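Notebook open, structure about to go up on the screen.

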Amino acid sequence: MYAGHFAAGLVIKSKVPRAPTWVLMTGVGLLDILFGPFVLLGLERVTLTPGVPPGFSLDYIDWSHSLLMSLVWAVLFGALFLRRGRTVAVAAAIAVFSHFLLDVFMHPADLALWPNASVHVGFGLWKILPVGWWFVELGFIGVCFVYYYQRSRVVSTFGQRAWAVLAVIVFLHVVNSPWLMPK
Amino acid sequence: MTPTTMAILTFLSFVLPVPILAWLDRSPKDRAD
């Protein structure tokens, strides 16, 4: 999942308008923000699989994406914002952990319970529906946006340009579509 | 594409949208402040 994570961030923003949007949007992507440097440092491994959905195999992502480490990153990230209040800190932590929960649906079983655990989880929508996953994620984005839009009409402190926000997220989703992936 | 390229692209793809989305989400009142 890619753009869907940002859509989840909109829902959290709607629930906790006081939480800065940049904090929530950074939070929802934090596990993949860590994944990049971890691969470059050799802590994690990925193999490209052109032509085989989803185009890559996440061989070892236990330090950024395992259940335990997702919770650790969530707590650490949330703690950074305790000065802004407990509610904001909890929202930031939930944003981080939402990434793991959503990835469980998309990833094949490459999400370890903890680093180097033998048990891995993942429903594998990417593999079960090599193209259909994109529409499932689009539907998820739509549901999240409807909630965000409705809340933004009630709470005027965010989302006054909700359609522009949606346009950006849909653009990101289109860029991440199976039709544009490297062959 | 190589794993290194994918790592860099993944990093950028989750970092670059953050300021754009945060800016678009701000209310007119916030921007005036």
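This is a predicted model: local features need pLDDT of at least 70, side-chain atom pairs count only at pLDDT 80 or more; totals for chains, interfaces and linings use all residues.

**Helix H5 of chain A**

I checked the length of helix H5 (residues 86-106) of chain A: at 1.5 Å a residue its 21 residues should span 30 Å, and the end C-alpha atoms are 31 Å apart, which agrees. The expected span here is 1.5 Å times one less than the number of residues. Helices (H or I, at least four residues) and strands (E, at least two) are DSSP runs, numbered from the N terminus.

Residues are numbered from 1 along each chain as its sequence is written, and chains are lettered from A and ligands numbered from 1 in the order in which they are written.

Where does H5(A) bend? I found a bend of about 25° at A:Phe97 (the angle between axes fitted to the seven residues ending there and the seven starting there).

**H4 against H5**

I looked at helix H4 (residues 67-79) of chain A next: H4(A) packs on H5(A) at about 155°, with the axes 7 Å apart. Axes are lines fitted to C-alpha atoms, for helices over the stretch in contact, and angles run from 0 to 180 degrees between N-to-C directions. That angle makes H4(A) roughly antiparallel to H5(A) (under 35 degrees is roughly parallel, over 145 roughly antiparallel, 65 to 115 roughly perpendicular, the rest oblique).

I listed who touches whom: A:Trp73 and A:Phe77 are among the H4(A) residues, and A:Phe97 and A:Phe100 among those of H5(A). Contact means C-beta atoms, placed from the backbone, within 7 Å. I get 14 nonpolar, three polar and no charged residues there. Ala, Val, Leu, Ile, Met, Phe, Trp, Tyr, Cys and Pro count as nonpolar, Asp, Glu, Lys and Arg as charged, and the others, Gly among them, as polar.

**H1 and its partners**

With H8(A), the axes of H1(A) come within 8 Å and cross at roughly 155°, which makes the pair roughly antiparallel. I see A:Phe6 in this contact too, with A:Ile169 among the H8(A) residues.

**Chain A meets chain B**

I looked up the interface: 30 residues of chain A are in contact with 21 of chain B. Helices H1 (3-15), H2 (21-40) and H8 (162-175) and strand E1 (45-48) of chain A each give two or more residues to the side that touches chain B. Which one gives the largest share? H2(A) does, with 12 residues.

Notes: Two residues are in contact if their C-beta atoms, placed from the backbone, lie within 7 Å.
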